[in-house]
Amino acid sequence: MKKLLATVAALATMSTMAFAERYVMITHTQGTDPFWPVVEKGGRDAAAAIGADFEYNFDPSGDMSGMAKLIEAAAASNPDGIIVSLPDADALGGAIKAAADAGIPVITMNSGLESSAKVGALMHVGQPERLAGEKAGARAKAEGVTNGLCLNQEAFNTALVDRCEGYFAGLGGDLNMIDVSNDVTQIETRTAAALSADPSIDGVLAVGPHVCAAANKAIKDVGADVHLGCFDLSPEVMDMIKAGDASFTIDQQQRLQGYMPVIVLHLYNTNAGMLPGANIPSGPGFVDKSNADSVASQAGVNR
């Protein structure tokens with residue numbers, strides 16, 4: 001009898017394991033941006049909360065064709081859902097649409113809000129990027145900026161272009177955006193060169209935390225008097241805000257971008273297609289000297 005009960009218990013355990021949900025997240029990081037480990041942590045935390053398996057993948061080259069292949073490979077493994085950032089709908093849309101057409105529920109996150117539905121995704125979790133840029137530009141203008149420069153580390157990423165375009169919509173003036181790459185040395189060199197070439201630039205927007213830190217070094221190296229605004233949180237950015245080297249950073253709460261899609265897919269799969277009635281905006285919000293102390297410990301961990 002004891003042996004029979006043990007066998008039944010073992011079979012029940014195996015059955016539970018066999019039917020565990022499995023979700024795959026694929027993002028466009030090259031593994032150098034401190035933003036993405038927080039997104040990954042959010043996905044893993046959510047999966048642990050519901051007892052699901054979780055896989056996180058990215059192409060270290062940053063190449064969109066490589067990312068598309070990761071999406072195709074994920075779809076071929078027949079997961080219960082795919083979560084994917086969408087920086088380039090033209091390059092990634094075909095792979096995402098094929099997964100959705102094969103019956104795999106897909107949620108886009110972080111970037112690609114405007115293209116999410118077009119590629120077959122159920123919904124999007126992230127901040128409206130142009131709106132975030134507009135808020136950054138309006139604030140910079142209110143703080144005295146008249147001639148801005150936007151630093152874009154991923155020229156292919158439509159979300160970052162939206163931030164820069166929004167910045168100049170809020171600030172006023174024509175778009176002045178340069179490609180600085182994700183390499184810290186190049187960010188410093190190209191930012192310094194741009195500031196030296198046009199001393200009238202009095203405002204810089206860096207659309208990533210590592211970009212902001214590198215830009216701050218370039219500004220100091222050049223000796224320029226420049227208003228600096230950032231996107232996203234990192235311990236270094238928080239120190240810059242406290243020291244007065246950066247005025248603010250835009251917080252898009254990236255842990256939510258990793259966490260919420262897993263929970264939504266779980267509800268969708270276990271409650272007959274249950275979905276929120278709209279996309280989930282994770283931002284934007286400002287972090288500055290007024291609230292930096294309260295969120296500093298979360299930077300690089302949960303925000």
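Colleague: Which residues does L151 touch?
Modeller: Leaving aside residues up to four places away in sequence, L151 touches I178, V180, T191, V204, L205, A206, V207, V211 and A215, where contact means heavy atoms within 4.5 Å. This is a predicted model, in which local features need pLDDT of at least 70 and side-chain atom pairs count only at pLDDT 80 or more, while totals for chains, interfaces and linings use all residues. Residues are numbered from 1 along each chain as its sequence is written, and side-chain values use heavy atoms, with hydrogens and water left out.

Colleague: And the largest nonpolar core, how many residues has it?
Modeller: It has 29 residues, and L151, V204, L228 and M238 are those with the most contacts inside it; such a core is a set of buried (under 20% relative accessible area, 1.4 Å probe, protein chains only) Ala, Val, Leu, Ile, Met, Phe, Trp, Tyr and Cys residues joined through side-chain atoms within 4.5 Å.

Colleague: Which element supplies the largest share?
Modeller: That is α8, with 6 residues of this core; helices (H or I, at least four residues) and strands (E, at least two) are DSSP runs, numbered from the N terminus.

Colleague: Switching to the sheet, what is the strand order?
Modeller: The open sheet of 6 strands runs β7-β6-β8-β9-β10-β11 with mixed pairing, two strands being paired if DSSP finds at least two bridges between them.

Colleague: Why is one side of β7 and of β11 left without a neighbour in the sheet?
Modeller: Because β7 (177-179) and β11 (285-287) stand at the edges, each with a single partner strand.

Colleague: How do β6 and β8 run?
Modeller: They run parallel, joined by 4 bridges, and G148 stands opposite G203 in β8.

Technical notes
Buried < 20%, exposed > 50% of the residue type's maximum accessible area, 1.4 Å probe, protein only.
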